[in-house]
Amino acid sequence: MGGWKLEVFRMAMYVSFPVGLFYLFNQPVFFEQWMMEKRAQIFPPDDPKLLKKIEEMRAKRELMQENELLEAQNKKM
């Protein structure tokens, strides 16, 4: 038959072929457009009023954190 060289070649093909196909077909470029469309369908764009409220809450939380940090620094002095 082919001997050990043929068996090594076949084993290399058995391993490299599926790995190569996995690498080739699982690139992000193939899925980016599809994922963006599905994401827009599942999670529709938010209401502008809700986005404004979220921004206000974030700003308030950041202000509170800054105040806590300043108070902690003043206590050290």
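Leu6, Phe9, Met13, Phe17, Leu21, Leu24 and Phe25 make up a nonpolar surface patch, with about 680 Å² of accessible area together. The model is predicted: local features need pLDDT of at least 70, side-chain atom pairs count only at pLDDT 80 or more, and totals for chains, interfaces and linings use all residues. Residues are numbered from 1 along each chain as its sequence is written, and side-chain values use heavy atoms, leaving out hydrogens and water.

**Patch and surface**
- Patch residues have over 30% relative accessible area and no salt bridge, and nonpolar side chains (Val, Leu, Ile, Met, Phe, Trp, Tyr) are joined within 5 Å.
- A salt bridge puts a side-chain nitrogen of Lys or Arg within 4 Å of a carboxyl oxygen of Asp or Glu.
- The chain exposes about 8,000 Å² (Shrake-Rupley, 1.4 Å probe). Carbon and sulfur atoms supply 67% of that area.
- Of the 77 residues, 0% count as buried (under 20% relative accessible area).

**Fold and extent**
- The chain has three helices and zero strands (DSSP runs: H or I, at least four residues; E, at least two).
- The radius of gyration, over C-alpha atoms, is 28 Å, well over the 11 Å of the globule rule (2.2 Å times the number of residues to the power 0.38), so the chain is more spread out than a compact globule.
- Its C-alpha atoms fill a box of roughly 85 × 45 × 15 Å along the principal axes.

**Helix 1**
- Phe25 lies in helix 1, residues 3–25.
- Lys5 is also in helix 1. Lys5 is exposed (over 50%), at 59% relative accessible area.
- Lys5 and Ala40 are 35 residues apart in sequence and 53 Å apart in space, C-alpha to C-alpha.

Technical notes
Patch = residues over 30% accessible without salt bridge, like charges linked within 9 Å, V, L, I, M, F, W, Y side chains within 5 Å. Buried < 20%, exposed > 50% of the residue type's maximum accessible area, 1.4 Å probe, protein only.
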